[in-house]
Amino acid sequence: MRYSRQENLKSFGEVAQDRLKKSRVIVFGAGGLGCPLLLYLNSMGVGFITIVDGDLIEASNLNRQILFGPNDIGMPKAEIARTQLQRLNPENCIVAQSRNILSSDFEEWVAIARNSDLLIDCTDNLEARYTINKIAQTVGIFCVSASIYTNEGLIGSYSRGSCLECYFPNTTDFASAFSCSENGVLGAHVGTLGCLQATEVVNILTNRKSNLFSKMVHIDFEKNKTEELTFKKNEYCPLCFPKSGKRKLPKGLELEIDSGEFLSILSSVRSVGLIMIYPEGFQSETKFSEFNGTKTLHTSLSLLDKLSLDRETTWICICDIGSRSLIAAKILRSFGLEAFSLAKGKKSLLSKS
């Protein structure tokens, strides 16, 4: 009777429910994304769930990490999450590992992942994300990943052949990873992403249609808009093409540049182009103009892969606050172009003038 509402769904049924019961997943991160995801995977009957998180619960977590309460402050997230989930659904096997993915040997995680059907990335650390991606590629299983930065989120799934590093090349300093503590986040926003992750996980585990495979969906919660970005095999990706012999991505400045570095590039580099990144729907097609004599494209994230950009030009991506432009610069670098993102967006130029 517990799962009757799911089993009565024509597109789901008893066969899909049985697949969930036999499924094994590893959830990296029991925070704002992990808590709602764990609640739904557990309540829907995913039989074997491993929770990996080495952090302790803090008061600032409670606006979005809905498995925890005031009495849990100072306790290990993974252990408290396991206790709560077992109380809610004792039919499932829940394992807690109170350690972070970066604190253990990579080969150990690979061995653990070989006994799993799917990895779920709910972390807030860039280095951890790339490590989870590498584990998934090494083992050859799916990974469902999500992240949030202020009012904007990303969610997608990938497997062997087109991975996270194909789309977002690992070329940045890990310290530049987005942080909820520094930038803030609304609990409902991150909870929505966690629920979308849970939906994608269930689709994959039950062999239902995956709407996010080899795709990344960008969600602007403030404007209630979404953009769909498609993963492509990247000939520069060291995981998917380790022996390709292709040249490495350009080195030099960090991916994000400040307004001073921006002005320096404009004055010292022979060929520079600007790309203004607008929200989806605001810009239906790419347009061209000039900014202080510099060629400028006006486009959106979903149109980037349709552009024919000069490979000898240094491209600088700009948006309102620097979040969409950072995604755009990573996409362009995945195409083998020299690209940067203006940190803090247009505001940094206004403050400089």
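Reply: Start with contacts, meaning heavy atoms within 4.5 Å. Among contacts in the protein chain between residues at least 6 apart in sequence, 66% join residues at least 24 apart. This is a predicted model: local features need pLDDT of at least 70, side-chain atom pairs count only at pLDDT 80 or more, and totals for chains, interfaces and linings use all residues. Residues are numbered from 1 along each chain as its sequence is written, and side-chain values use heavy atoms, leaving out hydrogens and water.

Me: What share of the 353 residues counts as buried?

Reply: Buried means under 20% relative accessible area, exposed over 50%, partly exposed in between (1.4 Å probe, protein chains only). Here the share is 54%.

Me: Which residues touch the most other members of the largest nonpolar core?

Reply: In soluble globular proteins, nonpolar side chains tend to be buried together. A nonpolar core is a set of buried Ala, Val, Leu, Ile, Met, Phe, Trp, Tyr and Cys residues joined through side-chain atoms within 4.5 Å. This core has 45 residues, and L119, I275, L304 and L332 touch the most other members.

Me: How do I read an aromatic pair?

Reply: A pair of aromatic rings is described by the distance of the centres and the angle of the planes. Rings of Phe, Tyr and Trp (its six-membered ring) pair if their centres lie within 6.5 Å; planes under 30 degrees apart count as stacked, over 60 as edge-to-face and the rest as tilted. The whole structure has one such pair.
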